[in-house]
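Subject: Structure handover

Hello,

Please find the structure below.

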Amino acid sequence: MVTTPIKPSKHPLAEYIYRLESGKSLLKNSPQNVMEVVGILKSYGIVLDAYSNNLNYIADHQFLNLFPFFKYFDGEFSWGKLFRHWWHDRINFEYAEYCMRAMLWHGGGKLDEYVDSAEFAKLMEDSIKAKTQGNLFISSLNKIFPDFLSEQVKMSVYTSALGQFWRVMSDMFISLSDRYDEGEINTIEDVVKHILDALVVDANKPITYDVDIKGKTYPLIPEKAGLTFLMDTAVPYVEAVFFRGNPFLGTVSFNAQANQISYDQSQFTYGALYADPLPVGSAGIPPTLLMQDMRHYLPKYLSEFYRNTTRGEDDLLVKICISFQKSMYCVTTAAIQGLAPHPLTTENITEKEANRKYLEGWMNRFTTSRILDVND
């Protein structure tokens with residue numbers, strides 16, 4: 001029997017479709033790329049550990065605290081910490097909240113549907129009533145502005161969900177670095193497989209959340225809600241942070257008449273896969289906080305690599321951003337492989353055609369991204 005081969009793709013990024021269909025990554029394989037990606041993900045994993053711990057602390061211990069002055073102290077206040085905080089010699093937890101708000105604003109997935117459900121509204125009402133009981137100021141505020149506290153509760157839910165998501169991702173990236181050090185990770189495809197395998201293992205990990213109020217537990221995301229790690233936190237995170245993001249103040253006009261920002265959120269292209277490393281490495285741009293955090297935890301081999309390139313460490317944040325962007329294309333490759341309707345290396349013609357349509361949909365979103373730049 002003669003098998004008719006699938007027709008060549010006419011997409012401008014067909015090269016990357018063919019790469020994915022042959023089991024390769026969106027990022028080309030080279031020893032330098034492997035070193036950069038693993039090294040930056042080790043640093044990122046350490047930072048995510050701190051982000052995750054703090055987000056979980058805020059969700060669990062600062063619930064409906066309208067003036068959480070010490071929320072970045074993880075419950076361990078000291079004057080030394082306070083002075084480091086004022087001097088900015090610390091982890092920039094503000095970036096973690098920036099990502100949380102991006103997820104909340106863009107929504108998507110079952111988590112977004114759940115926080116708008118009648119089931120959640122009842123649980124939320126119970127928690128608000130318990131928290132405001134005996135507090136004349138907050139209970140009065142809730143009566144005057146009935147949606148204010150409910151939005152605060154939704155932020156707590158997303159804070160907890162993102163904290164749980166990053167807990168898994170942190171462990172994943174640290175173990176990747178360990179395997180690289182042991183000689184088990186040698187190619188970009190090895191990196192992608194490690195990430196995909198870890199995503200699959202934790203795909204159905206339950207996302208739950210409850211708060212303790214005056215010694216009583218109030219569930220806000222019970223296990224019966226059926227929210228899971230992959231589809232309800234990982235996928236919305238990729239959509240909100242990798243792709244859409246938020247326009248950076250000072251880089252585009254927020255004046256509606258200027259038409260520099262799309263009225264359609266789904267058309268936003270301010271995420272990590274599109275960001276120009278030059279402004280990202282500049283003061284006042286939120287991801288700069290992440291780059292500043294990662295610079296403190298770079299493995300020795302990556303620090304030496306940056307030091308020996310043009311300009312040395314004078315443009316370190318820009319170089320960190322470029323390496324980080326490369327790593328995010330590896331994570332995105334794993335996500336594309338994991339969500340594909342059929343294995344991307346299938347030989348079945350019907351499955352190949354379904355995959356081709358699926359991949360061309362992804363490539364439509366990459367046309368204005370930095371996919372060509374990271375592979376230059």
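Axes are lines fitted to C-alpha atoms, for helices over the stretch in contact, and angles run from 0 to 180 degrees between N-to-C directions. Helices (H or I, at least four residues) are DSSP runs, numbered from the N terminus.

This is a predicted model, in which local features need pLDDT of at least 70 and side-chain atom pairs count only at pLDDT 80 or more, while totals for chains, interfaces and linings use all residues. Residues are numbered from 1 along each chain as its sequence is written, and side-chain values use heavy atoms, with hydrogens and water left out.

Helix packing

The axes of helix 12 (residues 287–295) and helix 14 (residues 316–339) come within 9 Å and cross at roughly 95°, so the two helices are roughly perpendicular to each other. Contact means heavy atoms within 4.5 Å. Helix 12 contributes Thr-288, Leu-290, Met-291, Gln-292, Met-294 and Arg-295, and helix 14 contributes Leu-316, Leu-317, Ile-320, Cys-321 and Phe-324.

Cysteines

With a disulfide defined as a pair of cysteine sulfur atoms within 2.5 Å, the count is zero. The sulfur of Cys-99 has its closest cysteine sulfur in Cys-321, 13 Å away, which is too far for a bond. Cys-99 is buried (under 20% relative accessible area; exposed is over 50%, partly exposed in between; 1.4 Å probe, protein chains only), at 0% relative accessibility. Cys-321 is also buried, at 4%.

Serine

Ser-150 lies in helix 8 (residues 148–181) and is buried, at 10% relative accessible area. Leaving aside neighbours within four places in sequence, Ser-150 contacts Met-124 and Ile-128.

Regards

Terms used:
Angles under 35 degrees count as roughly parallel, over 145 as roughly antiparallel, 65 to 115 as roughly perpendicular and the rest as oblique.
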